[in-house]
Amino acid sequence: MRSDPKLLQEAWEGSHHRCVRAVRALGTLALREGEFPAAMNFLQQATSCRPADHAAWYATGCCLQQLKNFPLAANAFFRAAALDPENADYWGGAAVCQSA
């Protein structure tokens, strides 16, 4: 189910937009496929529904970085790092975006 966009979309819709895992997975899939506007749409829904989802904030940072929006990407990475301060990838993403 994780890589089947149709099933993920059904899970998101069927949960009345409460299954954050499904919409985050849709965002991550779109990010991997280089569909950055679609990825941002899904990831914004994920972070709106569950602001404490560090993985969604990290993926948002990655997407914004690809879109060359470094200030917002750094903010997203910092949000992820605040939620999971032991994750070096989150801090590294923020540092890269701040120096860009």
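Here are a few questions and answers about contacts in this predicted model.

Reader: Which residue forms a salt bridge with arginine 24?
Author: Happy to start there. Side chains of opposite charge can pair when their charged atoms come close. The structure holds one salt bridge, and its N to O distance is 2.6 Å. Arginine 24 sits in helix α2 (residues 20-32), while its partner, 29 residues apart from it, lies in the loop between α3 (36-49) and α4 (54-66). That partner is aspartate 53.

Reader: Is aspartate 53 buried or exposed?
Author: A residue counts as buried when its relative accessible area is under 20%. Aspartate 53 has a value of 6%, so the residue is buried.

Reader: Which backbone nitrogen does the side chain of serine 15 reach?
Author: Serine 15 is placed in the loop between α1 (5-14) and α2, and with a relative accessible area of 16% serine 15 is buried. A polar atom of its side chain lies 3.0 Å from the backbone oxygen of tryptophan 12. At 2.9 Å, the side chain also reaches the backbone nitrogen of cysteine 19.

Reader: At what angle do α1 and α2 pack?
Author: Good one to picture in the viewer. Two packed helices are described by the angle between their axes and the distance between the axes. For α1 and α2 the axes are 8 Å apart, and the crossing is left-handed. The angle is about 145 degrees.

Reader: How many nonpolar residues does the contact of α1 with α2 have?
Author: Residues of α1, including Leu8 and Trp12, meet residues of α2, among them Val23 and Leu26. By class, the contact has no charged residues and one polar residue, and the nonpolar ones number 10.

How values were computed: Residues are numbered from 1 along each chain as its sequence is written. This is a predicted model: local features need pLDDT of at least 70, side-chain atom pairs count only at pLDDT 80 or more; totals for chains, interfaces and linings use all residues. Side-chain values use heavy atoms; hydrogens and water are left out. A salt bridge is a side-chain nitrogen of Lys or Arg within 4 Å of a carboxyl oxygen of Asp or Glu. Helices (H or I, at least four residues) and strands (E, at least two) are DSSP runs, numbered from the N terminus. Buried means under 20% relative accessible area, exposed over 50%, partly exposed in between (1.4 Å probe, protein chains only). A polar contact is a pair of N or O atoms within 3.5 Å; within protein, one must be able to donate a hydrogen and the other to accept it, and residues adjacent in sequence count only if both atoms are side-chain atoms. Axes are lines fitted to C-alpha atoms, for helices over the stretch in contact, and angles run from 0 to 180 degrees between N-to-C directions. A crossing is left-handed if the near helix is turned anticlockwise from the far one by less than a right angle, and right-handed if clockwise. Contact means heavy atoms within 4.5 Å. Ala, Val, Leu, Ile, Met, Phe, Trp, Tyr, Cys and Pro count as nonpolar, Asp, Glu, Lys and Arg as charged, and the others, Gly among them, as polar.
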